Amino acid sequence: MIAQINLVCNVSAPDNETKKAMSAIYPIQRSKRRRTVAIKISQGEVIVQAPLHLSETRIRSFVQRKQAWIDKHLQQQQQHLAKLSPRYWQAGERLRWLGEPLTLEVQQASRKSCKREGQQLLATRTPRANPEREPRGVIIAWYKQQAQAWLDAFFAQWCRRETLQPQGWQVKSFSSKWGHCTRKGELSFSWKLWLAPEWVVRNVVIHELCHLQEFNHSAAFWALVAQHSSDYQAAEKWLRQHGMTVLNETYLDYHEDDLTATCR
């Protein structure tokens, strides 16, 4: 359930020297499961998370008390987002494979294709191709193919030496999550995951594998993750910091200082 809350608050002016009163509209995400109010700033936007039946008066009071925190982290994120270029799928843009930067080259040809040559990702599109679909479509298809090959190689080794055995795995186009594990033991992962460094990718796969035994995020689950990965906490931190732009179709990239902030 999503509503909105209107507040009069102080927001820094563009010159960062003066402040002015203005009306801010924040979306409220209500949930039956939530017991407390939290403010999340992600992708340069503020979201208020609240219990289902908590009054708007109490929510408004909480947000107003946290206004200085909101201003600080909102400005930080907007500054970091400004360091990234929007994704237009045009020649010269930067893409990543396992964290390594690649320069996109786009050419016209009789058939669409995508391949990597050194530090370049070469994509072709036909003269009549819809510019809103190509070369985006063929590039994503390349990522899915490469990610599937990476998973096949990973599980070929994993399944020979570990007891956690998935029933299958595939690459999908999730919009807001890295991976998923079903109760049938089937694993799915977002192709966007392979924009991240390989050690992060490995940790996400291990995370989902551990759900085969612990279908929750309990202490037992995290203990199991720790058995299989010594740097899982660093990976979780990386995902929190960079997920807002790597998963975002507007960017599909990250800057080393990207931040996602949550206040409770």
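A residue counts as buried when its relative accessible area is under 20%, as exposed when that area is over 50%, and as partly exposed in between (1.4 Å probe, protein chains only). The structure is a predicted model, in which local features need pLDDT of at least 70, side-chain atom pairs count only at pLDDT 80 or more, and totals for chains, interfaces and linings use all residues. Residues are numbered from 1 along each chain as its sequence is written, and side-chain values use heavy atoms, with hydrogens and water left out.

View 1. Helices (H or I, at least four residues) and strands (E, at least two) are DSSP runs, numbered from the N terminus. The chain has 264 residues, and 44% of them count as buried. Contact means heavy atoms within 4.5 Å. Of the contacts with a separation of 6 or more, 48% are made by residues 24 or more positions apart.

**View 2. The cysteines form 0 disulfides.** A disulfide is a pair of cysteine sulfur atoms within 2.5 Å. C210 is buried, because its relative accessible area is 0%. C114 also counts as buried, with 15% relative accessibility.

**View 3. Strand 3 (residues 38–42) pairs with strand 4 in the antiparallel sense.** Two strands pair if DSSP finds at least two bridges between them. Strands 3 and 4 are joined over 5 bridges. In this pairing, K40 stands opposite I47 of strand 4. Strand 4 covers residues 45–51 and is mostly covered, with 6 of its 7 residues buried.

**View 4. Strand 7 and strand 8 form a hairpin.** Strand 7 (residues 113–117) and strand 8 (residues 120–125) are antiparallel and pair over 5 bridges. E117 has Q120 in strand 8 as its bridge partner. There are 2 residues between the strands, and G118 in the turn has a positive phi of about 65°.

**View 5. The largest cavity has a volume of about 40 Å³.** On a 1 Å grid over the protein atoms alone, a cavity is a set of points where a 1.4 Å probe fits but cannot get out, and lining residues have an atom within 4 Å of a point. Grid points are joined across faces, edges and corners, and the volume is the space filled by probe spheres set on the points. The count comes to 1 cavity of 30 Å³ or more. Which residues line the largest cavity? They are N203, V204, H207, V225, Y232, A235, E236 and L239. Helix 4 (198–210) and helix 6 (232–246) are the elements that give two or more residues to this lining. Helix 6 gives the most, with 4 residues. By class, the lining has 5 nonpolar residues (Ala, Val, Leu, Ile, Met, Phe, Trp, Tyr, Cys and Pro), 1 charged (Asp, Glu, Lys and Arg) and 2 polar (the others, Gly among them).

**View 6. V171 lies in strand 9 (residues 168–172).** V171 is buried, with a relative accessible area of 12%. Leaving aside neighbours within four places in sequence, its contacts include K144, L151, F189 and W191. Q145 is 26 residues from V171 in sequence and 8.3 Å away in space, C-alpha to C-alpha.

**View 7. G243 lies in helix 6.** G243 is buried, with a relative accessible area of 9%. Not counting residues up to four places away in sequence, G243 touches W178, W238 and N248.

Methods. On a 1 Å grid over the protein atoms alone, a cavity is a set of points where a 1.4 Å probe fits but cannot get out, and a pocket is an open set with protein on both sides within 12 Å along at least five of seven lines; lining residues have an atom within 4 Å of a point.
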